[in-house]
Amino acid sequence: MAEMYPDVAKLGHITYINRSEMEFYKLLQQSPETKNWKVFYSSIIKSKYRSNEVDFIAFIPDEGIVLIELKANNPVRVSSTEFVYNYNGVERPQENPFRKMKNITHHFKTMLNLTEDEKSKIFVSSIVVFPNLNEKLDENVCFDSMNYINAGISWDHIPEIISIYFKQKKNKEERIGSHTSKEEVNSIMDKIYKELVLSKDLKVESGAGDFNTVEKNVKKHLLNYSSIFSNLNRIFIEGPSGTGKSFFALQHILLKRADPKFKIAYICASKYYCDNMKYSFHKTNNVDIANYSSIDRDLKKQRYDLLIMDDFESGVSLLNTARINDIVAGGIKSGNVWVLCDIEKNYFDIDNFMKENNFDNFHIKLSVNFRNNIAIGDFINRIYERDIYTDFLMEYYSNITLRSYSADNFERVIEETITMLTNDEGFKPQDIKVITPKHINDSVIIPVLSKKRWARELKEYSRENFNAISYSNLNDFMGLESRVVILIDIDEAVGDLARVLYQGSVRAKQRLVILASEKQYINLKDLL
């Protein structure tokens with residue numbers, strides 16, 4: 001395994017530029033071909049006069065240094081000066097990556113605090129990796145066939161080919177100049193490595209932003225996506241939690257409420273999400289909010305122009321179809337109706353429902369996760385043994401923490417967990433939600449709440465307890481999210497474990513901690 005900088009195993013989290021770079025990071029870290037390599041990821045190499053960004057800088061023992069550029073997006077046109085890429089239908093030219101890497105490689109050695117003799121003895125090369133490109137590139141474009149790797153090389157063999165190409169290019173140069181011993185090469189690389197890590201004038205920094213920056217960028221993407229749905233008044237949206245269903249519905253409400261005569265009814269399953277929506281629209285006369293058990297009480301208008309049924313998989317068993325038909329003009333079959341459904345839809349025949357109610361031509365499936373850090377999404381995919389999420393826009397990776405507990409030591413475990421999150425990782429109390437799949441009175445947290453200290457620190461979730469670490473039953477918290485979630489009561493009595501882990505884990509945006517009984521800890525350890 002390679003020694004990575006920054007190291008996700010030590011830091012617990014890394015912000016990745018994109019999913020392809022995350023996968024390549026793991027490949028370089030775990031490949032047997034990179035044993036004893038030292039690799040810098042997402043590097044902005046700064047000196048007093050110059051700044052260059054490189055995807056990966058790899059120190060190969062006994063050999064030298066290779067600068068690696070990863071290009072997951074294939075160019076539509078190439079030339080010796082520029083590559084043209086298609087981003088969402090818009091063509092954008094960029095500098096030829098081989099020309100760019102040639103220039104960076106030249107400047108890299110000049111930026112280092114080395115003697116001229118040391119510079120002459122250390123070999124620095126570059127390579128561009130196109131994992132999805134099948135075509136070969138002309139040498140007028142790439143300068144040398146050993147300057148790139150395309151899809152002709154299998155993913156697992158890329159580190160091996162990087163090493164082979166590097167050695168071949170180095171041998172070419174050494175036939176011209178003098179040979180340098182392995183000891184000298186390693187000594188010079190060790191000097192460079194320490195300088196990159198420790199120097200104030202020359203250093204490597206992460207080129208990616210922190211979680212706040214990543215989240216802000218994702219919200220911009222969500223707003224752009226929401227415009228796709230803005231003109232759709234009748235739709236069945238199916239997708240796992242975190243794919244933006246409720247967000248898109250909210251944007252549609254905000255758009256439609258501008259007309260005071262246009263009456264909107266929104267129904268969801270979650271107690272707390274319903275309360276939050278009511279608070280958000282309490283001054284809006286043409287928007288009414290209800291949960292599936294309070295329809296008759298909260299939907300007071302005789303007829304609505306738009307009906308949005310969120311958490312449909314949870315509310316379908318409570319629905320009175322005749323009543324719903326009366327609520328919206330035109331009824332379910334032909335009225336302006338949005339149905340938002342999760343993948344957990346075991347309670348009803350979705351195909352039959354769509355056919356009976358004329359949703360066949362208004363069915364959209366979502367699979368891109370906008371909410372959770374990549375580790376959480378990958379965890380859910382492993383639970384279900386399939387790609388529920390096909391991609392992640394929250395390009396941030398934070399390790400999931402799994403701890404075991406017993407009834408005798410739960411108070412100590414929860415205290416150590418909260419101390420880790422607040423003192424060591426810097427989260428604020430309001431960032432943290434403790435969630436149980438059980439009824440609160442049956443939870444392992446009840447004996448803890450009886451202590452004066454915990455009665456002060458742990459509060460039941462509500463708008464009034466915003467500044468506290470709060471706890472909630474999982475069903476009541478559905479539809480909501482938190483920066484940090486501590487999922488407790490993962491024991492033999494939780495029933496459908498996959499469903500509980502899915503519904504609980506996806507509430508966490510940035511950080512997830514799972515506290516499990518000793519037996520469930522053993523079952524879950526391999527999934528992480």
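Leaving aside its neighbours within four places in sequence, which residues is S226 in contact with? They are F247, F248 and Q251. The model described here is predicted.

- S226 belongs to helix 8, which spans residues 211-229.
- Its relative accessibility is 10%, and the limit for buried is under 20%, so S226 counts as buried.

- An open sheet is built from six strands, in the order 14-13-15-16-12-17, and the pairing is parallel.
- Strand 14 (287-291) and strand 17 (363-365) are at the edges; each has a single partner strand, so one side of each lacks a neighbour in the sheet.
- On average, neighbouring strands of this sheet are turned by 15 degrees against each other, direction ignored.
- Strand 13 (residues 264-268) pairs with strand 15 (residues 306-309) in the parallel sense, over four bridges.
- Within this part of the sheet, I267 stands opposite M309 of strand 15.
- Helix 10 (residues 271-280) packs on the sheet and touches strand 13 and strand 14.
- The direction of helix 10 makes about 165 degrees with that of strand 14.

**Aromatic pairs**
- The count of aromatic pairs comes to 31.
- One of them is formed by F24 and W155; this pair is edge-to-face, with 5.9 Å centre to centre and 75 degrees between the planes.
- The F24 and W155 pair links distant parts of the chain, 131 residues apart.
- F24 is in helix 2 (residues 19-30), whereas W155 is in the loop between strand 10 (148-149) and helix 6 (158-176).
- F24 has 0% relative accessibility and counts as buried, while W155, with a relative accessible area of 32%, is partly exposed.
- F83 and Y85 form a tilted pair, because their ring centres are 6.4 Å apart and their planes stand at 35 degrees.
- F83 and Y85 are both buried.

**Charges over rings**
- K102 lies over the face of F143, at 5.3 Å from the ring centre.
- R234 has its charged end over the ring of F362, 5.9 Å from the centre of that ring.

How values were computed: Residues are numbered from 1 along each chain as its sequence is written. This is a predicted model: local features need pLDDT of at least 70, side-chain atom pairs count only at pLDDT 80 or more; totals for chains, interfaces and linings use all residues. Side-chain values use heavy atoms; hydrogens and water are left out. Two strands pair if DSSP finds at least two bridges between them. Helices (H or I, at least four residues) and strands (E, at least two) are DSSP runs, numbered from the N terminus. Axes are lines fitted to C-alpha atoms, for helices over the stretch in contact, and angles run from 0 to 180 degrees between N-to-C directions. Contact means heavy atoms within 4.5 Å. Buried means under 20% relative accessible area, exposed over 50%, partly exposed in between (1.4 Å probe, protein chains only). Rings of Phe, Tyr and Trp (its six-membered ring) pair if their centres lie within 6.5 Å; planes under 30 degrees apart count as stacked, over 60 as edge-to-face and the rest as tilted. A charge sits over a ring if NZ of Lys or CZ of Arg is within 6 Å of the ring centre and within 35 degrees of the ring normal.
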